Each structure stands twice: as structure tokens, then as C-alpha cells.
Amino acid sequence: MDAVAAAFDSVPRADFLPRGWRRSASYDGPIPIGAGQTNSQPRTVEAMLRLLEVRPGDRVLDVGSGSGWTTALLAHLTGPDGSVLGVELVPELATWGASNLAGTGFGWATIRAATPGVVGATEASPFDRILVSADGGTVPQALMDQLGEEGRMVLPAAGRMVLVARSGGQVATTTHGHYRFVPLR
């Protein structure tokens, strides 16, 4: 079993859904989690994680952590030698996501409320990997500035999945299909 499949196997989606939706965890579509946000479609999350290529020991930023599911998946991929910081703009979701994450035992991962008007977590950068689960229409320069050398970022931009890869001082951007996400605010 590859690392992404092992993460999905070890981190049940149902544990990160509202109680009334837990029976629908196997549904391959987005599920509402409140405040106009969703728990993303598993197939989409899998595609993003495969593009991101998280390695054990990586420092990862999860923008739009919502229910905490992607943060937990990322923590499984980094292992205890890594760290994952999830940021969520909706305070109630940040609290709920942090509570869900606490139940996983991944002590190297945290979720906190995002600072209004700040995209990402500039004070904790640079990051080896950045995952963004909201569409801002473009690749935000603020997140580019938080991406470390040899870093990778996966995010939706204008309905397309974008991979940004930094290597040797160069930045390559590629697109990988059409997707629909909640807006980045």
C-alpha cells in the first residue's frame, strides 16, 4: 500500500464529519460541515495529496483545514518527525477541527484560527509543502513567499488544480484538471 492509500486507511473520514453525516463518509463528494464550508470529495483530496508528495519529516501548512481531516491525513504522511499546521478562517470550524484532530494522537499536528486578512501562517514559514483547500482565483503571492526551497504547493485557482514546485531557485507551475472548491477568503 502506498503512503497516500495508507493515510486514507488510517484516518477515517467519518471521524471528521458532523454526526448526522457520518453514515455518508464513503460518499465520494463534498459534505457540508457548517459555515458554508465542506469536507472535500475524497477523490479530490487524494489527487491533491498525490501531487503534493508529502515526505516523512516535512513541515506542512494546511490552509482551510475545516474539519481537520486533511490536516490529519497530512500528519499521517509526515510522521512524528514532521509538523503540520492547519489554519481555518471560521473560528468555530477551527475549534471543531482541532478537537477532531486531537482524537488522532498526531501530536505533531495542530489547527488554529487563521488571522483575518492573512493568507497562511507567515510567522511559521517557510514550509516544505502547502495544501490549500479553497479557491482564491490565482496563486496568492503571500503563499508563494511561505513556500520553502524545494517546496511544493497544491491549490485550486480559477477552477483548476495547480501544482507549484520550487527547485533550484526556479518555480514551475502546472495545472491538473478542473475542480470546484469553496472560495478562499
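Helix α3 (residues 69–78) is largely enclosed by the rest of the structure, because nine of its ten residues are buried, where buried stands for a relative accessible area under 20%, exposed for one over 50%, and partly exposed for values in between, computed with a 1.4 Å probe on protein chains only. The buried residues of α3 are Trp69, Thr70, Thr71, Ala72, Leu73, Leu74, Ala75, Leu77 and Thr78. Helices and strands are taken here as DSSP runs, of type H or I with at least four residues for helices and of type E with at least two for strands, numbered from the N terminus. The model is predicted, so that local features are reported only at pLDDT of at least 70 and side-chain atom pairs only at pLDDT 80 or more, whereas totals for chains, interfaces and linings use all residues. Residues are numbered from 1 along each chain as its sequence is written, and side-chain values use heavy atoms, with hydrogens and water left out.

Just after α3, Gly79 adopts a positive phi of about 70°. Helix α2 (residues 42–52) packs with α3 at an angle of about 35°, their axes being 12 Å apart; axes are lines fitted to C-alpha atoms, for helices over the stretch in contact, and angles run from 0 to 180 degrees between N-to-C directions. In this packing, Pro42, Val45, Leu49 and Leu52 of α2 meet Trp69, Thr70, Leu73, Leu74 and Leu77 of α3, contact being defined as heavy atoms within 4.5 Å.

The structure holds seven salt bridges, each being a side-chain nitrogen of Lys or Arg within 4 Å of a carboxyl oxygen of Asp or Glu. Arg50 forms one of them with Asp2, with the closest N and O atoms 3.2 Å apart. Arg50 lies in helix α2 and Asp2 in the segment before α1 (3–10), so this pair ties together parts that are 48 residues apart in sequence. Arg50 also forms a salt bridge with Glu46, where the closest N and O atoms are 3.0 Å apart, and these two residues both lie in α2, four residues apart, or about one turn of the helix. Arg50 is partly exposed, with a relative accessible area of 35%, as are Asp2 at 38% and Glu46 at 31%. A further salt bridge joins Arg129 to Asp58, with the closest N and O atoms 3.8 Å apart. This pair links distant parts of the chain, since Arg129 is in strand β6 and Asp58 in the loop between α2 and β3 (59–63), 71 residues apart. Both Arg129 and Asp58 are buried.

Arg166, which lies in strand β8 (residues 160–167), is buried yet has no salt bridge, and the nearest side chain of opposite charge, that of Glu149, is 4.7 Å away. The side chain of Arg166 does reach the backbone oxygen of Met144 at 3.3 Å.

Some backbone features remain to be described. Most residues other than glycine have a negative phi, and most peptide bonds are trans. Ala35, in the loop between β1 (31–34) and β2 (37–39), has a positive phi near 55° and is exposed, with a relative accessible area of 51%. Glu150, in strand β7 (residues 147–157), likewise has a positive phi, near 65°, and is partly exposed at 40%. The peptide bond from Ser125 to Pro126 is cis, with omega near 10°, and Pro126 is found in the loop between β5 (109–113) and β6 (127–132).

Terms used:
Lys and Arg count as positive and Asp and Glu as negative; His and the chain ends are not counted. A polar contact is a pair of N or O atoms within 3.5 Å; within protein, one must be able to donate a hydrogen and the other to accept it, and residues adjacent in sequence count only if both atoms are side-chain atoms.
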